[in-house]
Amino acid sequence: MRHLAIYARDHKLVSRLIDDLKKDKKVPGFEGLQHKNGFEHSEAVLQNFIKDDQKHGNSVLVKDESRSLRTFSSGEKRKALLEYLLKKQPEYLILDDPFDCLDVQSVANFKERLAEVKSDFILVQIFRREEDILPFIDIILDFDGAGNTVFKNKADFIENKQGFLEEIKRIPAAPKVFEGIPESLIQLKNVNVAYEDRPILSNISWEVKRSEFWKLTGPNGSGKTTILSMIYGDNPKAYGVDLFLFGKKKGSGESVWEIKKKIGYFSPSITELFIRRNSVEEMLISGLVDSIGLYQKPSDKQRALAKQWLETLGFQEKAKKVFNDLSNLEKRMLLIARAMIKHPPLLILDEPSTGLDDKSALKITNLINHIAAQSDTAIIYVSHRKEKGLHPDFEYELFPTENGSVGKIKIQ
Ligand SMILES: Nc1ncnc2c1ncn2[C@@H]1O[C@H](COP(=O)(O)OP(=O)(O)OP(=O)(O)O)[C@@H](O)[C@H]1O
């Protein structure tokens, strides 16, 4: 059997297939893998190691390192898992979307490492983006409309990406005006951050003004999340440095809660916070009252605004549907709309298209481009990828050095 890649068009079908492989069942097209020693490289496997590390410390993945697995960036964790699995001498390795959280350089290194060991075992790569398919794989497993597996040559696997992006209609207007918002929303002046004497950020000077659309980028571990958590979260590193949010130095009066009211935030991980059985409409409206889920009866005005947003997204038929029953892409589009519904002065989108296939990622970037073009909200879009179709005005890129990451501005 040769290496192959599985297109994760339908997550459930792929999961079922992988489960059957793991249970050592006979799977059509994968007969060569039965009774073989196989391992899985996936986010779920990684999370188990992280849980274990939290309980017992000293994870086997990083036993030669002085710090715990938890403090590794997402890219560093994935690399550690790969090396750990390679030592187990697998006969086959399932790689579940291995490049999704990796920056350009790490993807290149990871691909190079796999090319070195590719003749030692069979690789089964699950992918969502065409550009991620390993260069030495030329067989793709896809699913037809009835859910049957279809094997294709890579050359024949051509995604028709044109013509499916329905034009986003106008986004609804702001329900209220935020008073007293200065021209400068975020300003970092010569900010340095270190963790346990390890320099992470070096002399970062960056300003985000009203209505600007920024992409914040940089390789894994360069400090993107650290900057975000200083702005939006309660990272103690934000205090005692020259970080100004909406004109005030952080820590000089405004509570984190007050600051958060002026920021719309979306990260794919918040999708899991919504466990109540709120409807799609209620979930949108919760963005107006800064709560996760809705605990009070919405007013007619709020419902009318939600209706307009649902029309913009093309979700008008889904208003009463349970949020948790939406598809992954629909949940993300809705939560981006929820973050934007009050037209906050600043919208932070943390890797919003991570884990999505090419078509779904384009739908997300299309929505964000429209939000940027049709509102006065400033946007910070965090990603380590080159996002196809995204049109930011500026890019702030972090470059790691041994003294911590330095930042450079690119005008698009
Ligand atoms: N609490 C902590 N203690 C020690 N080190 C930390 C802590 N939090 C982050 N780090 C380290 O700081 C560096 C920057 O991490 P950060 O998560 O900000 O990077 P990133 O650019 O967001 O990475 P990625 O793209 O992989 O998410 C990493 O090397 C990480 O291991």
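The model is predicted: local features need pLDDT of at least 70, side-chain atom pairs count only at pLDDT 80 or more, and totals for chains, interfaces and linings use all residues. Residues are numbered from 1 along each chain as its sequence is written.

Helices (H or I, at least four residues) and strands (E, at least two) are DSSP runs, numbered from the N terminus. Ala, Val, Leu, Ile, Met, Phe, Trp, Tyr, Cys and Pro count as nonpolar, Asp, Glu, Lys and Arg as charged, and the others, Gly among them, as polar.

The C-alpha centres of domain 1 and domain 2 lie 29 Å apart. Across the interface, 16 residues of domain 1 are in contact with 9 residues of domain 2. Contact requires C-beta atoms, placed from the backbone, within 7 Å. On the domain 1 side, α3 and α4 (104–117) each supply at least two residues. Helix α3 gives the most to that side, with 3 residues. The residues of that side divide into 8 charged, 5 polar and 3 nonpolar.

The largest nonpolar core has 60 residues; L284, I336, A337, L349, I368 and I379 touch the most other members. Helix α9 (residues 328–340) gives the most to this core, with 7 residues. A337 touches L284, W309 and L313, not counting residues up to four places away in sequence. A second, separate core of 16 residues includes I6, Y7, V124 and I140. Such a core is a set of buried Ala, Val, Leu, Ile, Met, Phe, Trp, Tyr and Cys residues joined through C-beta atoms within 7 Å. Buried means that 20 or more other C-beta atoms lie within 10 Å of the residue's own, with C-beta atoms placed from the backbone.

An open sheet of 4 strands runs in the order β8-β7-β10-β11, with antiparallel pairing. Strands pair if DSSP finds at least two bridges between them. The edge strands, β8 (198–209) and β11 (248–249), each pair on one side only. Strand β7 (residues 184–195) is joined to antiparallel β10 (residues 243–245) by 3 bridges. I186 stands opposite L245 in β10.

Conventions
A residue is buried if 20 or more other C-beta atoms lie within 10 Å of its own, exposed if 12 or fewer, and partly exposed in between; C-beta atoms are placed from the backbone. Two residues are in contact if their C-beta atoms, placed from the backbone, lie within 7 Å. Domain bounds come from an automatic or database domain assignment.
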